[in-house]
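The structure comes first, and my notes follow.

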Amino acid sequence: MASAPSKLYADDVSLLVVLLDTNPFFWSSFSFPFSKFLSHVLTFLNSILVLNQFNQVVVIATGCNSCDYIYDSSMATSPSIESGSMPALCSDLLQKLEEFVTRDEHLGKQDSLGPTTSSLLSGSLSMALCYIQRVFRSGPLHPQPRILCLQASSDGPEQYVAIMNAIFSAQRSMVPIDSCYIGSNNSAFLQQASYITGGVYQKPQQLDGLFQYLLTVFATDLHSRTFLQLPKSVGVDFRASCFCHKKTIDMGSICSVCLSIFCKHHKKCSTCGSVFGQAHSDVASVSNLKRKTPET
């Protein structure tokens, strides 16, 4: 992906691309209901649009089998006009979100390999970066882009290569990836994404106050962040999941062709098919590799 052009746009105008996790397997068993989570998110999105009339919000729904754009404020006819008791933003987004969830569930039933329990984060990240690149190419004057991942489900180890490619592409394009993780444990993928791209990683401790977390941490534009003390991660988990057993490892064998990671030495890479002996694979600390690896 080409580097971002020189940034000549206004300092306080933002393009916020929100990745919304709709994983039904997670939300059906989580104590915090999805409807309440969505209520906090919608209020936050309205706040972003109110902060500056030129701010733009794009929402991408992340399902288990697909991803899709469900809202774009630049294409909204009258975001301030109310329809009934809720703003047009809410009604448009909720309608497209319902259609997306139904379509994603139908795709899962057609999958011969069975249902996938992890969300397609790699796909939504790629869609967000593609949208931002279109904005970059629209002209020299455009808002400051950033990505906000509202993730709930656990990491999908099978998406490791695709997610790392997206992270390095965002870093090269100078697009920070902010992460708000709702799940029980921390997300290693999102920790790395925020660390590498210069974004903010936050795991709210009190989900009833989710809107306050979103507004105080993620509503600030990139220019204002230089004057604020935003939360910093105490530690970043640089470990990766092996491709063979999907377990987190500290040391492993790494394919020198596609950088796939295995907990044990293999004669053939299961990802790219490269045949290698002991001399063609490296045994290294996975955490050190993650700090030095260029985009694949």
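**Entry 1: leucine 19 and the cores**

I began with leucine 19, which, leaving aside its neighbours within four places in sequence, is in contact with Ile60, Thr62, Leu121, Ser124, Leu125, Ala128, Ile147, Leu148, Cys149 and Leu150; contact here means heavy atoms within 4.5 Å. I noted that this is a predicted model, in which local features need pLDDT of at least 70 and side-chain atom pairs count only at pLDDT 80 or more, while totals for chains, interfaces and linings use all residues. I also noted that residues are numbered from 1 along each chain as its sequence is written, and that side-chain values use heavy atoms, with hydrogens and water left out.

I then looked up the largest nonpolar core, which has 43 residues, and those with the most contacts inside it are Val17, Leu19, Ile60, Leu125, Ile147 and Cys149. A nonpolar core is a set of buried Ala, Val, Leu, Ile, Met, Phe, Trp, Tyr and Cys residues joined through side-chain atoms within 4.5 Å, and buried means under 20% relative accessible area, exposed over 50%, and partly exposed in between, with a 1.4 Å probe and protein chains only. Helix H4 (residues 121-136) gives this core its largest share, nine residues. Apart from this core lies another, of 39 residues, among them Leu42, Leu45, Val200 and Phe211.

**Entry 2: the whole chain**

I counted nine helices and 13 strands in the protein, where helices (H or I, at least four residues) and strands (E, at least two) are DSSP runs numbered from the N terminus. Of the 296 residues, 52% count as buried. Among contacts with a separation of 6 or more, 69% are accounted for by residues 24 or more positions apart. The protein exposes about 14,300 Å², and carbon and sulfur atoms supply 55% of it; accessible areas come from the Shrake-Rupley method with a 1.4 Å probe, and for residues only the protein chains shown count as cover.

**Entry 3: valine 135**

I found valine 135 in helix H4, and it counts as buried because its relative accessible area is 14%. Valine 135 and leucine 15 are 120 residues apart in sequence, yet 9.3 Å apart in space, C-alpha to C-alpha. Leaving aside its neighbours within four places in sequence, valine 135 is in contact with Leu15, His142 and Pro143.

Which residues lie closest to the centre of the largest pocket? The pocket holds about 310 Å³ of space, and of the 20 residues that line it, the closest to its centre are Ser154, Asp155, Asn185, Asn186 and Ala188. For this search, on a 1 Å grid over the protein atoms alone, a cavity is a set of points where a 1.4 Å probe fits but cannot get out, and a pocket is an open set with protein on both sides within 12 Å along at least five of seven lines; lining residues have an atom within 4 Å of a point. Grid points are joined across faces, edges and corners, and a volume is the space filled by probe spheres set on the points.

Helix H6 (188-197) and strand S9 (240-241) each supply at least two residues of the lining of the largest pocket. I looked at H6 itself and found it mostly covered, with nine of its ten residues buried. Just after H6, glycine 198 takes a positive phi of about 80 degrees.

The second largest pocket holds about 250 Å³ of space. Of the 15 residues that line it, the closest to its centre are Gly199, Val200, Pro231, Lys232 and Ser233, and the largest share of this lining, three residues, comes from H6.

**Entry 4: methionine 174**

I noted that most residues other than glycine have a negative phi. Methionine 174 has a positive phi of about 60 degrees although it is not a glycine, and it is found in the loop between helix H5 (160-172) and strand S7 (177-181). Is methionine 174 buried or partly exposed? Methionine 174 counts as partly exposed because its relative accessibility is 48%.

**Entry 5: glutamine 202**

I placed glutamine 202 in strand S8 (residues 201-202), and at 14% relative accessibility it counts as buried. Leaving aside its neighbours within four places in sequence, glutamine 202 is in contact with Ser179, Cys180, Tyr181, Tyr213, Phe218 and Pro231.
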